[in-house]
Amino acid sequence: MTVRPLRQRAAWTALEAHYAQIAPRHLREIFAQDPHRGERLRAEAEGLYLDYSKNRVTDETMRLLMELATESGLAARRDQMFRGEHINVSEDRAVLHVALRMPRDASLIVDGIDVVAQVHAVLDRMTAFATRVRSGQWRGHTGRPITNVVNIGIGGSDLGPVMAYEALRFYSRRDLTFRFVSNVDASDFVEAVRDLDAAETLFIISSKTFGTLETLTNAHSARSWLIGQLGDESAVAQHFVAVSTNAAKVAAFGIDTANMFEFWDWVGGRYSMDSAIGLSTMLAIGPEGFAELLAGFHAMDEHFRTAPFAQNLPVLMGMLAVWNRDFFGFSTVGVMPYDNYLKRLPAYLQQLTMESNGKHVTLEGTTVAYQTGPIYWGEPGTNGQHSFYQLIHQGTTIVPLDLICFAKSLNPLGEHHDILSSNVFAQAQALAFGRSEEELRDEGVPELEVAHRVMEGNRPTNVLMGEVLTPRLLGSLISLYEHSVFTQGTVWGIDSYDQWGVELGKVLAAEIIPELEAPSDPVLAHDSSTKALIEHYRALKKKEVPHGAH
């Protein structure tokens, strides 16, 4: 199928004309003319209920958006991904995070190799290892069992494990302590291990190449800390494991390659939490819980692969995102989970969405003539309501929101959950309909306050609701966002699976490090600003440390 440039597609042109009709309308009017839209503009799959009726759309909008998805070749590109074709064009790679959660009896041959068999071979090794650690059979150098697990990684090797641990903490082993180190700032490592006993601590070093500067810097500090406490370099073998593909570097570090868990170049870092990168998750919730997480991922994968677009949750969310970004010009999306266990979900989705779709050229390498990935951000409800919701309600920037909630709490306590949930529905209602001058006057609000208390409304929201947060439902939720990202990237005609934008800063930092560490003032060949910053940094480093500082 030949896909025309985005702005030349018939559905795009039709949407431009349709937008001109929709833009002046208010959700109050839209709901008044279509009072049952809330019962119709919804979809449900794999335990997740999506209400998208408070977006500024009509049935005609959705029909045209589905036509745009079809005209963009979404079905064909989706099938290419599931077949293992090299849809990551700039790196000439398959994109096969969906293979990480395929069942054992499935088969997918890619470049002559059954990748599902590879996945389950690693899962079996992870299961055996996790079982030994959790049972106390795995012993540290001094013969004591492991009670502390520290995952060292960065980017997708950290954000996924952190998010999953926090999300599924209810299901985790409470006699095991989990810490996560990602920042090369020494404070991150020092604070993570400050109260730990090395004799009972296991480090998971997560780095595909075993060469990521931040991760290896932290790993070497962890190695020194352990040897410093236990006094024996051979202790490394019992206290370190690796998630990597570079056996030579892993062995040189002192980790037994029998304790190296592999993943593959067709797994992008931000799509890797259900690969061996999830070893800390499996240690926390157990192999059975991890299997449930994978089952949830796979269930949503199958929904995305088979459901008609008009009932397909990832397609609906992805196309609504395109509508809001490209037609209304909304530049950000707020993700507000009304479940404290999901407090790290917004940070996780920031990488998933912005590293994937923050692109300025098409698959063919031509500059895009339209907006691509919006900025994702968020905070758990109800905390956000008492900080930044003021701007969302009355500011000059419109922020579409994804409000995520559950009908049941994992920790029922009095009226807490009903109060929490009432805020989800109230916020969506207030954002949609606002409060007019007339309504305020009818309520007897003093005239001096009326203008200040007006809320225009007409702010779009999606509400995603599940019964209760479980490993399986978390898997389905993350898969939903993964495929929404895929849908958007397909429409925009960009490569959602490379991330060249993170490289230049790394290259320049590698050049600057020796200049910061040089014993004498180096000759600096930089722009005047960078040169002045380096010189000021070196001067401050030479100053005597104030008394009491360490």
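**Ground rules.** I number residues from 1 along each chain as its sequence is written, and my side-chain values use heavy atoms, with hydrogens and water left out. Since this is a predicted model, local features need pLDDT of at least 70 and side-chain atom pairs count only at pLDDT 80 or more, while totals for chains, interfaces and linings use all residues.

**Backbone.** I began with the peptide bonds and phi angles, keeping in mind that most residues other than glycine have a negative phi, and most peptide bonds are trans. Gly381 and Thr382 are joined by a cis peptide bond, with omega about 10 degrees. I found Thr382 in the loop between β11 (375-378) and α15 (389-394); helices (H or I, at least four residues) and strands (E, at least two) are DSSP runs, numbered from the N terminus.

Next came Asp92, which is not a glycine but has a positive phi of about 50 degrees. Asp92 sits in the loop between α5 (74-83) and β3 (109-110). Asn458, also not a glycine, has a positive phi of about 65 degrees, and its loop runs between α18 (447-453) and β13 (461-466). Are these two buried or exposed? Asp92 counts as exposed at 53% relative accessibility, whereas Asn458 counts as buried at 9%. My cut-offs are under 20% relative accessible area for buried, over 50% for exposed and partly exposed in between (1.4 Å probe, protein chains only).

**Pockets.** I worked on a 1 Å grid over the protein atoms alone; a pocket is an open set of points where a 1.4 Å probe fits, with protein on both sides within 12 Å along at least five of seven lines, and lining residues have an atom within 4 Å of a point. A volume is the space filled by probe spheres set on the points, which are joined across faces, edges and corners.

The largest pocket has a volume of about 1400 Å³. Its lining holds 49 residues, and Ile154, Thr212, Glu214, Glu503 and Lys506 are the closest to its centre. Which helix gives the largest share of this lining? I found that α20 does, with nine residues.

The second largest pocket has a volume of about 530 Å³. Of its 25 lining residues, Val3, Arg9, Leu363, Glu364 and Gly493 lie nearest the centre. Here the largest share, three residues, comes from α5.

**Ser172.** I looked up this serine in the loop between α7 and β6 (177-181). At 9% relative accessibility, Ser172 counts as buried. A polar atom of its side chain lies 2.7 Å from the backbone oxygen of Arg169. Leaving aside neighbours within four places in sequence, Ser172 is in contact (heavy atoms within 4.5 Å) with Tyr165, Ala284 and Ile285.

**Aromatic rings.** Rings of Phe, Tyr and Trp (its six-membered ring) pair if their centres lie within 6.5 Å; planes under 30 degrees apart count as stacked, over 60 as edge-to-face and the rest as tilted. I counted 23 aromatic pairs by this rule. Trp323 and Phe327 form a tilted pair, 5.1 Å centre to centre with 35 degrees between the planes. They are four residues apart in helix α13 (residues 313-327), so about one helical turn separates them. Trp323 is buried, with a relative accessible area of 0%. Trp377 and Phe388 make an edge-to-face pair, 4.8 Å centre to centre with 70 degrees between the planes. Finally, ring pairs link Trp12, Tyr19, Trp323, Phe327, Phe328 and Phe330 into a cluster.

Methods:
Polar contact = N/O pair within 3.5 Å; in protein donor to acceptor, adjacent residues only side chain to side chain.
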